[in-house]
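The sequence and structure come next.

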Amino acid sequence: MATTEDPRARPDGTAEWKRELYDAKPEREGELFTTISGLDNEPLYTPDNVEIDYDRDLGYPGVYPFTRGVYPSMYRGKLWTMRQFAGFGTAEETNARFRYLLDHGQTGLSTAFDMPTLMGYDSDHARSLGEVGREGVAIDSLDDMETLFAGIPLDGVSTSMTINSAAAMLLAFYLCVGEEQGVPRAQLRGTIQTDILKEYIAQKEWIFPPEPSMRLVIDMIEFCAAEMPLWHPISISGYHIREAGSTAAQELAFTLADGFAYIEAAVERGLEVDDFAPRLSFFFNAHLDFFEEIAKYRAARRIWAHELRERYGARNPRSWLMRFHTQTAGVSLTAQQPEVNIIRTALEALAAVLGGTQSLHTNSFDEALALPTENAVRLALRTQQVIAHETGVVNTIDPLGGSYYVEELTSRLEAEAYDYFDRIRKLGGVVAAIKENFFQREIADASFRYQHEVEQRQRIVVGVNRYQHEDEEPLELLRIDPALEEKQIGRVQALRSRRDSAAVESALARLKEDAAHDGRNLMHPIVEASKVYVTMGEMCDALRGVWGVWRETPVF
Amino acid sequence: MMARKIRVVIAKPGLDGHDRGAKIIARALRDAGMEVIYTGLHQTPEQIVETAIQEDADAVGISILSGAHMTLVPRILEGLKENGADDVLVVVGGTIPREDSDELKQLGVAEVFGPGAATSEIVEFLQGKVPVS
């Protein structure tokens, strides 16, 4: 070799390369080289600083520990489900948006509910003032649910519903609509979020204290295991934890810890882990740090498979599979130069696909300002279609598997998650840690650190702290007609006056009676109450009367 | 003589659970030497007015991302006025479209900070508007 006299031409290992060659040139100053979550990055990963045991750590798609994907054929067998979250105004407006999305090639429905519905208040409650239909669709009763799915045969779609505290009521409404359409509950396909633990941790849409809330969750898991075998009774969610400001490692760790808490509670109820674990599903964020996100999904699959098999003794391989939905990071969208959000979302969506997601929502570029317009939503859906059909990334499974960097980061996130599991266990478990504000404080610290880095320009946000553009034209935004609130209040009040009030009273009495007794599955009285058009708010009020409400002592 | 500390109530009105921004602002104002009272979540306009008065606040920072700002913020302004506390400086942060922020300012909101606003900007705004001697 011509340059053999120069010892630097063939460094003896990565350490020497770094010392002799890399460190010879100064690094750029100012911006951090850590991940967006603050994890260190080496400038280079090689066999010297990454240890991979292929069979133990990676294996094959569809094979334990599923690092490379949960299904053998992944996207060559079936693309991910493109599932855009939608909901605003009354059931009528959202029904029209659902049909629009289905007409444009969307393959699943996803329902966003308004704040009063999430918090268990009917639209005519004093606390609902100004909030009806603003951030999602207002659903007060089975009557609204019938309108929401009018003309959409429920045996032909899978439906996701993002609701937690009042999940049991919404599941009951959906099941009743299915039965009215002639679709038995056993054939309904979809997911309801139901993940109350992350509400206390991050999203903060709670009603009852943690213990009765956990009972309701387990009631739903038990009910679905017996009667709705195709339904996912829970979607254990890191999305909101991340949006609240957590790091990727915290998102991973807290979500999985929540998952373990549900398993333990269900087993304590007397269920066999294999009777319900195959129907547990997950929901993650897709943030901007491309490789960190991909590593996060891969680590999540590996940890879940390992813990289910080794710790919880699941024998059915389907129990070991972590299947998840992903949504791009709302928090990464900027109000400045909003068109740039299309690019951010595309990169985040690509990370989710390379990470092996089962379904995906891409945010619309105008969402830092308002709910999205129809055009913005269509563009977001098109982003997924371009990734699926034009980029070729779907042709090979887990194409980044074996990358020194991605494998190292996957193992590092896994180790960070296990550290958190230990800390949570020492605090007495997830519910005890919530009451001590452990998660809330960890997240607040992480989000403050990130904000500080942005303000110090150690992190550049295009259009916000660099490359600003003055005199931007304001975007056309979706406006929610304030008259819709009045319309919805009219609907629920009309319902109250025409239904059978004796049947309502007796259904509510039974619900309260059952709630006061442990060991009675509340899904049954909730379904019965739904059928006689008891409203969601009335059912929640009945349960508030028995269980009380949750109040947080906030930390900042 | 040392200047007294600016007293700020950070408030989350309505059913909105998005508290990331409120907590960051609360901490940044505290770090800047202000006395910060954070109401916690799910407050009615009446509760916020009451807290502002009880705490003898110089300013109220309302964080709202639920789209209900045009209903809830005017009620807080009215409540302060009815209680003779319309000297309290009211600022709003959140996802507020431009037209709405113009209207809120006409109603008496001192400033509206949108997504991407730096905490330093908010600190300086309050320091500039609240007399401390």
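## Backbone and loops

F66(A) sits in the loop that runs between α2 and α3 of chain A; helices (H or I, at least four residues) and strands (E, at least two) are DSSP runs, numbered from the N terminus. The model is predicted, so local features need pLDDT of at least 70 and side-chain atom pairs count only at pLDDT 80 or more, whereas totals for chains, interfaces and linings use all residues. Residues are numbered from 1 along each chain as its sequence is written, chains are lettered from A and ligands numbered from 1 in the order in which they are written, and side-chain values use heavy atoms, without hydrogens and water.

Although F66(A) is not a glycine, its phi is positive, at about 65°. F66(A) is buried, with 3% relative accessibility; buried means under 20% relative accessible area, exposed over 50%, and partly exposed in between (1.4 Å probe, protein chains only). The loop between α2 and α3 (74-77) of chain A also holds P65(A), which is joined to Y64(A) by a cis peptide bond with omega of about 0°. Most residues other than glycine have a negative phi, and most peptide bonds are trans.

N437(A) is another non-glycine residue with a positive phi, near 65°. Its loop lies between α17 (430-435) and α18 (438-455) of chain A.

| Residue | Phi | Relative accessibility |
|---|---|---|
| F66(A) | about 65° | 3%, buried |
| N437(A) | near 65° | 9%, buried |

## Surface patch

Which residues make the nonpolar surface patch of about 440 Å²? I52(A), Y54(A), Y60(A), V63(A) and Y404(A) make it. Patch residues have over 30% relative accessible area and no salt bridge, with like charges joined within 9 Å and nonpolar side chains (Val, Leu, Ile, Met, Phe, Trp, Tyr) within 5 Å. A salt bridge is a side-chain nitrogen of Lys or Arg within 4 Å of a carboxyl oxygen of Asp or Glu. Areas come from the Shrake-Rupley method with a 1.4 Å probe, and for residues only the protein chains shown count as cover. Y54(A) belongs to helix α2 (residues 54-58) of chain A and is partly exposed, at 31% relative accessible area.

## Sheet

In chain A, 5 strands form an open parallel sheet, ordered β2-β3-β4-β5-β6. Its edge strands, β2 (85-86) and β6 (231-232) of chain A, each pair on one side only. Two strands pair if DSSP finds at least two bridges between them. Strand β5 (residues 189-192) of chain A pairs with β6(A) in the parallel sense over 2 bridges, and T191(A) stands opposite H232(A) in β6(A).
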